Amino acid sequence: MRRQMRCSYSSRAIYTASDSKEEEECVDDSNEILGQHKESIIKEDVAKSYVEIENIRSDPDRLYSMTVKELRTLTRRVGIPAKGSKKDLVSALMSLPDKGEDGKNTAASTEEVNTKNQSSKRKAKALPVEENAQASTVVSEVTSKQKISRRKQKKVESTRVEGDCITSTTVEELSVKTEEIIDHVEPWTILAHKKPQAGWVPYNPRTMRPPPLSRDIKSMKFLSWNVNGLRALLKLKTFSALQLAQRENFDVLCLQETKLQEKDVEEIKATLFEGYDSSFWTCSVSKLGYSGTAIISRIKPISVKYGLGIPDHDSEGRLVTLEFDGFYLIGGYVPNSGDGLRRLTYRITEWDPSLSNYMKELEKSKPVILTGDLNCAHQEIDIFNPAGNRRSAGFTIEERESFESNFLSRGFVDTFRKQHPSAVAYTYWGYRHGGRKTNKGWRLDYFLVSQSIADRVHDSYILPDVTGSDHSPIGLILKL
């Protein structure tokens, strides 16, 4: 970003009082227009900044990963003094009051910023004007080849006094600053891929989700999330299961990799949220504290089944099936092929075919929805670095072909890819390399549905802003 700092005695940045009156009037008019434009930008930036801060306060690591310069820029936009150490700036942002529904905090911050700007203008006017050109007030940078005119008002630079120097910032630069902050706080809005193809775009849930359904259209809303240890998630001060339920207002929540033991289930159920009276949990018995799935619903199902009914597959707590009036819902956690691909053969020759056959058997009576961590990035668009992961679990050609032949080719639809055929979106980012901060991830989590109900899917989406796990939640809205 270009940012010009020039001292008041710099000879090339001087506009003297001896210049024509007409040019001075042009400058005044330009500054007035710029001031109005800048004020509207400031108000919008402050409002956006509150949203950004709310998003990142749920994950303090994001704040600590920002540079001091970035933190100061963010604090200025909401009217917080941008002084002190990095720790002081993070503390100030974390303690910022929430923005109310009436937007009072935003308005107050905007007013404070505007007051500072007016104060700066008064300071600028108070600077002495000397006949000597080198001591003249700096109005704008004017060269012999470029005079300010009404036709070039958009290029006029606003000035703000900072000590003995003048900071010069164009309107365009203000917009760029805002975009850079948003990109840093919402990395998924940046197209992150080693070899992007023509037409690919980053998935942005703020702009790419359809409008809500009208109230007279019956629907069900599903959320699915690999929590990577439910106990650890619930201990996080930055996470609230109740707040997630209130924000998303889902009917059914499917969880994977709960890592619970059977003796812990009742205790955990009591710490979740009210109104979801039907919950079904299955835990690994072959390896304690491993795998585990659950479905929590405020709609009572007709029936429930655990596992595939095959002993060799059912000791790790990987599957729960609920029957509703119009469909079956399967919450699943597909086995990872593991380090060295030690379980690859089991995965593609036993598990995948068995799950596929189970789904087709259920489909004989009702459509089927399969959701969860399916541990496969199906196409190159679904992984940041396809070339570097050809033999990595989750992206081997064997797993991708198995995903295609056992599920997609048998009539089950990848709802997100159907809705967003060219969107680069990820649901998993490894902790090891901090992939979430740079959006270097994998799309491993899915909602697959029977072809017969694919057109009833109103929205299939990802919630990349929800943190607490190395996966993000995914959602589905189905018209009934």
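Me: How many helices and strands are in the chain?

Reply: The chain has 14 helices and 17 strands. Helices (H or I, at least four residues) and strands (E, at least two) are DSSP runs, numbered from the N terminus. This is a predicted model, where local features need pLDDT of at least 70 and side-chain atom pairs count only at pLDDT 80 or more, while totals for chains, interfaces and linings use all residues. Residues are numbered from 1 along each chain as its sequence is written, and side-chain values use heavy atoms, with hydrogens and water left out.

Me: What share of the residues counts as buried?

Reply: Start with the cut-offs. Buried means under 20% relative accessible area, exposed over 50%, partly exposed in between (1.4 Å probe, protein chains only). Of the 480 residues here, 50% count as buried.

Me: Which residues of helix H4 are buried?

Reply: In H4 (residues 86-94) they are Leu89, Val90 and Leu93. Now look down the axis. The arc is taken from the directions from the helix axis to the C-beta atoms. These buried residues fall within an arc of 100 degrees, so they line one face of H4.

Me: Which residues are buried in helix H9?

Reply: Ala241, Leu244, Ala245 and Glu248 are buried in H9 (residues 241-248). They cover an arc of only 100 degrees around the axis, which puts them on the same side of H9. Gln243 and Gln246 are exposed, on the face turned away from that buried side.

Me: What covers the buried residues of H9?

Reply: Contact means heavy atoms within 4.5 Å. The cover includes strand E5 (219-226), helix H8 (230-235) and strand E16 (457-462). After H9 comes Asn249, with a positive phi near 50 degrees.

Me: Where is Ser284, and is it buried or exposed?

Reply: Ser284 sits in the loop between strand E7 (278-282) and strand E8 (293-297). Ser284 counts as buried because its relative accessibility is 2%. A polar atom of its side chain lies 2.8 Å from the backbone oxygen of Lys287. Leaving out residues up to four places away in sequence, Ser284 touches Tyr290, Ser291, Ser315, Glu316 and Gly317.

Me: How many disulfides does the structure hold?

Reply: A disulfide is a covalent bond between the sulfur atoms of two cysteines. The test is a pair of cysteine sulfur atoms within 2.5 Å. The structure holds zero disulfides. Cys254 is buried, at 1% relative accessible area. Cys283 is buried too, at 5%.

Note on methods: A polar contact is a pair of N or O atoms within 3.5 Å; within protein, one must be able to donate a hydrogen and the other to accept it, and residues adjacent in sequence count only if both atoms are side-chain atoms.
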